[in-house]
Amino acid sequence: MTPPAFPSLQVDGLSKTFTLHTQNGARLPVLQGMRFSVSPGECLALSGPSGIGKSTVLRLLYGNYGAETGRMILRQDEREIDLAAASPREILRLRKHTIGYVSQFLRVIPRVPTLEIVADTLRNAGFAGDPLPPSKAMLTRLRIPERLWNLAPSTFSGGEQQRVNLARVFVHPFPVLLLDEPTASLDAANRQTVIELIQSAWARGAAVVGIFHDLEVRDAVATRLLDMDQFRAAA
Ligand SMILES: Nc1ncnc2c1ncn2[C@@H]1O[C@H](COP(=O)(O)OP(=O)(O)OP(=O)(O)O)[C@@H](O)[C@H]1O
Ligand SMILES: [Mg+2]
């Protein structure tokens, strides 16, 4: 059997307990024994009430948090990488080429103009050619007015910042996408654009894991739902 060109994700036995060092080392168990898999061409929506650990799962997959137990296997071509055990260097490499993460809010990079933030994704991914035309096209598609392209997004509105965040991820065809409430601050027209971007991502074979509070968006983009209640850690 030929291996898939696009990656799949397989998570098994994933647990996470936070230790609050500033609060007498209090321990806060969040996830226990979580398991799921995502195939190329799928969009898995994590569902469950506020505080259950949805964002935590995406941050674990992106390497922002360390896992307490468990494996997160990224399978691509003939390679298998356990994200739970990957070195920081490997995580950085994956973030450049393989895994795109849209957090709910853009962590603004000081003084870097919007257009450069988007173009940097392509430069980091080794894009052959001038990264500016595709970057401009993605900003236009997400309705960021041209007068803002040379400004750093620190003073932008919440929705503008979210769209810059989306542009810098969707400008590159990341094989894996992690999307945390990508439409939370958007108007109807931009929400529709983001729905189309997500649909075309999984249609081209990306493996997508997302959190979508907006049920209309979730129904439009998710190919499968995962109820997280079953992985709630006992307090
Ligand atoms: N860095 C952290 N340190 C300590 N506790 C944390 C940390 N990150 C998350 N938590 C805790 O883990 C739990 C899950 O948080 P998480 O943000 O994953 O929830 P969520 O399901 O995404 O909620 P929401 O729908 O409100 O975004 C919460 O109780 C939160 O307080
Ligand atoms: Mg969250």
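Mentor: One term before we start: a polar contact is a pair of N or O atoms within 3.5 Å. Keep in mind that this is a predicted model.
Trainee: OK. Which polar backbone atom is 2.8 Å from an oxygen atom of ligand 1?
Mentor: One that belongs to Gly51.
Trainee: How much of ligand 1 does the protein cover?
Mentor: 66% of the 640 Å² of accessible area that the ligand has on its own.
Trainee: How many residues surround ligand 1?
Mentor: 14. The closest are Ser50, Gly51, Lys54, Ser55 and Thr56.
Trainee: Which element gives the most to the shell?
Mentor: Helix H1, with three residues. H1 spans 54-61. Strands E1 (8-20) and E2 (26-38) each supply at least two.
Trainee: Switching topic. At what angle do the axes of H5 and H6 cross?
Mentor: Roughly 20°, and the axes come within 12 Å. H5 covers residues 158-170, and H6 covers 188-203.
Trainee: Parallel or antiparallel, then?
Mentor: Angles under 35 degrees count as roughly parallel, so H5 is roughly parallel to H6.
Trainee: Left-handed or right-handed crossing?
Mentor: H5 and H6 make a left-handed one.

Definitions and conventions
Residues are numbered from 1 along each chain as its sequence is written. Chains are lettered from A and ligands numbered from 1 in the order in which they are written. This is a predicted model: local features need pLDDT of at least 70, side-chain atom pairs count only at pLDDT 80 or more; totals for chains, interfaces and linings use all residues. Side-chain values use heavy atoms; hydrogens and water are left out. A residue is near a molecule or strand if one of its heavy atoms lies within 4 Å of it. A polar contact is a pair of N or O atoms within 3.5 Å; within protein, one must be able to donate a hydrogen and the other to accept it, and residues adjacent in sequence count only if both atoms are side-chain atoms. Accessible areas come from the Shrake-Rupley method with a 1.4 Å probe; for residues, only the protein chains shown count as cover. Helices (H or I, at least four residues) and strands (E, at least two) are DSSP runs, numbered from the N terminus. Axes are lines fitted to C-alpha atoms, for helices over the stretch in contact, and angles run from 0 to 180 degrees between N-to-C directions. Angles under 35 degrees count as roughly parallel, over 145 as roughly antiparallel, 65 to 115 as roughly perpendicular and the rest as oblique. A crossing is left-handed if the near helix is turned anticlockwise from the far one by less than a right angle, and right-handed if clockwise.
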